[in-house]
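Biologist: Please take me through the terms used for this model, and set each value against its definition.

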Amino acid sequence: MKHVYAAALIGAAAVAPAAAQEIKIGYALAEDSHYGVAAKAFEESLTAALGDQFSFRHFPSSGLGGEREVVEGVQLGTVEMTIVSTGTLSNFVPEAGVFDVPFLLTSLDHARGVLDGEIGQEMLAKFDAAGIHALAWGEQGFRHITNNRNPISTPADASGLKIRTMENPVHIAAFQALGAAPTPMAWPEVIGALQQGAIDGQENPLSVIVSAKLNEVQKYLTLDGHVYSPAVILIAPSLWNGLDDAQKAAFDQAAVDAVAAMRGYVDEVEASGVEALKAAGMEVNELTPEQKAEFRAALEEPYKAYEAQFGKELMDRIQAAE
Ligand code: PAF
């Protein structure tokens, strides 16, 4: 009799489906943001390809901490995936900081062409040496300044402005050169710091300003588009290296689908975001090309440092790329 039970148990074990491997995916913004729609598109694409081999647990709105902590988690394998800005990434892959240079990428088409092309793909390949596997470049759009002190049309208007920047040396150097008072801060602290008046302003693309409802804590929006803001989809090497070729191909395709969803969101918010923010009470001004040129001219000194750090040749290649 015992043998019958044993055989039944062995049979049951043989047909029991393998448990899905859980993927914790963390991101700084809400589920209805560009990061949230990308994470959802990733999950849907992977599930369509691989069935229930993997299950997803989403941690939106910095549920796993600031972007630096989450990237560290990906390195350690305690977080399987994230979608992050390049804010803290140059602390992990310094070369990637070249995409943070103000006024280097000049339009969404230019940026997408560079990131999808040779230069962007060469950069993604450098992440593995930092203990992170990068699946694809996504994006946030062009960053603009918001603040509660005054409208900004010239660098002089930004003088002394306590502006939160990402923990990113390239951005900090630029705001110092403009005469502002850059205050690097992790994103989860920003809304509170704006509410308490500890900082006057911050800078982020329309995708963030709209999805994080910054209009509730900021009066003025200056559409200066001082820098393009890439995002990147990262996966823990401990997960990636254990995948077989078919699974890797499905993850790569899911990243392509996630980027398409993210860019779709950005295109939409670039078209409708300003009107929505005006309707919500923000005072908006857009810099003319001449005004923008004044901001660029104020960055001569940091530009010398950027060229020394990243190489003039690479910066010229980026500028010349289609
Ligand atoms: O400003 C930042 O830190 C980033 O743009 C954000 C909002 C965390 C999105 O990656």
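**Ligand shell and a helix pair**

Modeller: By class, the shell around the ligand holds 6 nonpolar, 3 polar and 3 charged residues. Ala, Val, Leu, Ile, Met, Phe, Trp, Tyr, Cys and Pro count as nonpolar, Asp, Glu, Lys and Arg as charged, and the others, Gly among them, as polar. This is a predicted model: local features need pLDDT of at least 70, side-chain atom pairs count only at pLDDT 80 or more, and totals for chains, interfaces and linings use all residues. Residues are numbered from 1 along each chain as its sequence is written, and side-chain values use heavy atoms, with hydrogens and water left out.

Biologist: Which residues are around the ligand?

Modeller: They are Ala28, Leu29, Tyr35, Glu67, Ser85, Gln140, Arg143, Arg164, Met166, Trp187, Asn204 and Val208; a residue counts if one of its heavy atoms lies within 4 Å of the molecule.

Biologist: Why is α5 called oblique to α13?

Modeller: The axes of α5 (residues 118–125) and α13 (residues 312–320) come within 10 Å and cross at roughly 135°. Angles under 35 degrees count as roughly parallel, over 145 as roughly antiparallel, 65 to 115 as roughly perpendicular and the rest as oblique; therefore α5 is oblique to α13.

Definitions and conventions. Axes fitted to C-alpha atoms, helices over the stretch in contact; angles between N-to-C directions. Helix = DSSP H or I, 4+ residues; strand = E, 2+ residues; numbered from the N terminus.
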